Amino acid sequence: MSFTVEKPTPTPNPNPNPPLKKKRSTSWSDLWFKNTKPLKDVVFAMQLQSLSSPTPTKDSKTLTQNLISNFSKIDRTLLLNDELLLKILSKLPGSQRNPNFLVCKRWLNLQGRLVRSLKVLDWEFIESGRLIARFPNLAHVDLINGCITNPCNSSVWLSHRFVSMHINSEISGFVPNWRICEENLLPVEVIDKGLKTLASACPNLRRLVVIGASELGLLDVAEECPTLQDLELHKCNDNVLRGIAACENLQILKLVGNVNGLYSSIVSDIGLTILAQGCKRLVKLELSGCEGSFDGIKAIGQCCQMLEELTLSDHRMDDGWISALAYCENLKTLRFLSCKKIDHVPGPDEYLGSCPALERLHLHKCLLKNKKGTRALFKVCQAVREIVVQDCWRLDDDMFSFASVCRKVKLLSVEGCSLLTTKGLEAVLVSYKELQQLSVESCKHIKEYEVSPALSTLFSVLKELKWRPDAKSLLGSSLAGTGMGRKGGKFFKKSQALKLLSDD
């Protein structure tokens, strides 16, 4: 007997490739709970609102207690947007504003947006782009120290009023023609590239200080920064001034051509003429270590009609230049700083002219040994209202007597002039009928016991008197409380004087 067992025939699958299980689409709730930071801010705001509810419930009281216990751990500034937080930070004084960048990364970025003025010490800070990323709103930038490379392992520190730097201790002697700054200055191409990067990122730049730039670098600054108003150029020459001429809105300019021991460069009449024709809105101009002559100063006076302040520092002008000052019709302030000469051959008096609008004449650390030049200077400045002479060598009675031509002087300050005597000072003061303020300091040959009655009378009608010719002077302290030095004031009123007479 046999049995036959048949295997069940498998049911064929109608779809050999079954579809994969559909992936559930992301819902709004998933996105909401994955990014918990906005949720925390909203919950925190709701919690703060619940605290101010007039009828708190039992749950709200519990929530309030939990919130108060964790209140110190919550960053409340997250509820403030960047603009509002910037306004708050900008109201802080400078001493409290600077440490704010240590709080967090957000405050670090916001603090960088508040910085307007910066002094760059490392040029790599510009090339790497960190300067722009860190401080996007710069308006005043000083690049001098960044343009100079410091030698490694140098223990010699050189400090100058223009620049401070380390120098190589193995330098080949301090000879008269050494140029220590030129040896450590970055290549011109590198400086121009940095200027282009800075100008493209800071279109609102208003003040720039740079050394060793070329015409191309300054042209990029002029094109990208139309609001540039204040420019200070070191190691400047005539070719560089072609780039400055493109700065149409420039108002304050300082040119440093030659500095003994640091660097050498020439600014002549050619550069001054280019400058005058391009920068016609100049208000303040300082020429330091610059050459030139009558033609260059004349071009500036004729083209720059808005010029009000002119400063000459260690100038190398040719003889006869001083007569060109008469073309500066609106000049109000004239300064001489560390000048070894004024003008050795100024020419005849009829060609000198004068500056009709001039109000202030300042002489600081100048060598006044040439009588013709000193006499010509005071004649051109005879309309001044204020004369300040400080630490000037060789200024004796004869030299100072030329100042008597300035008969409209209301303020006179003399300091550090050791050759000037009491007699020389009095000879000039008696010609100043409108004098109101007088200051005499550190003039060892001016003695109190030599003050004449006429000079004492002049002191009594002054509005302000500062008298310290030497350390032994007692007049300044003896005048305290007496009323002397106040024009129109009297020691006693008329009624008080009559009363005293009647009592006697």
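## Cysteines

At 4% relative accessibility, cysteine 304 counts as buried (under 20% relative accessible area, with exposed over 50% and partly exposed in between, for a 1.4 Å probe and protein chains only). The model is predicted, with local features needing pLDDT of at least 70 and side-chain atom pairs counted only at pLDDT 80 or more, while totals for chains, interfaces and linings use all residues. Residues are numbered from 1 along each chain as its sequence is written, and side-chain values use heavy atoms, leaving out hydrogens and water.

The whole structure was searched for disulfides and has zero, a disulfide being a pair of cysteine sulfur atoms within 2.5 Å. Cysteine 304 is in no disulfide, and the nearest cysteine sulfur, in cysteine 303, lies 6.2 Å away. For cysteine 225, the closest cysteine sulfur belongs to cysteine 202 at 7.2 Å, which is too far for a bond. Cysteine 225 counts as buried, with 2% relative accessibility.

## Leucine 310

Leucine 310 sits in strand S10, residues 309-313. Strands (E, at least two residues) and helices (H or I, at least four) are DSSP runs numbered from the N terminus. With a relative accessibility of 2%, leucine 310 counts as buried.

Leaving aside residues up to four places away in sequence, leucine 310 touches Leu285, Leu325, Leu331, Thr333, Leu334 and Arg335; contact means heavy atoms within 4.5 Å. Leucine 325 is 15 residues from leucine 310 in sequence, and their C-alpha atoms are 9.8 Å apart.

## Helices H10 and H11

The axes of H10 (residues 188-201) and H11 (residues 215-224) come within 8 Å and cross at roughly 5°. Axes are lines fitted to C-alpha atoms, for helices over the stretch in contact, and angles run from 0 to 180 degrees between N-to-C directions. H10 is therefore roughly parallel to H11 (angles under 35 degrees; over 145 is roughly antiparallel, 65 to 115 roughly perpendicular and the rest oblique).

From H10, Asp192, Leu195, Lys196, Ala199 and Ser200 meet Leu216, Gly217, Asp220, Val221 and Glu224 of H11. This contact has four nonpolar, two polar and four charged residues. Nonpolar covers Ala, Val, Leu, Ile, Met, Phe, Trp, Tyr, Cys and Pro, charged covers Asp, Glu, Lys and Arg, and the others, Gly among them, are polar.

## Helices H17 and H18

H17 (residues 422-429) and H18 (residues 453-460) have axes that come within 11 Å and cross at roughly 60°, so the two helices are oblique to each other. Thr422, Glu426 and Leu429 of H17 meet Ala454, Leu455 and Leu458 of H18. By class, the residues of this contact are four nonpolar, one polar and one charged.
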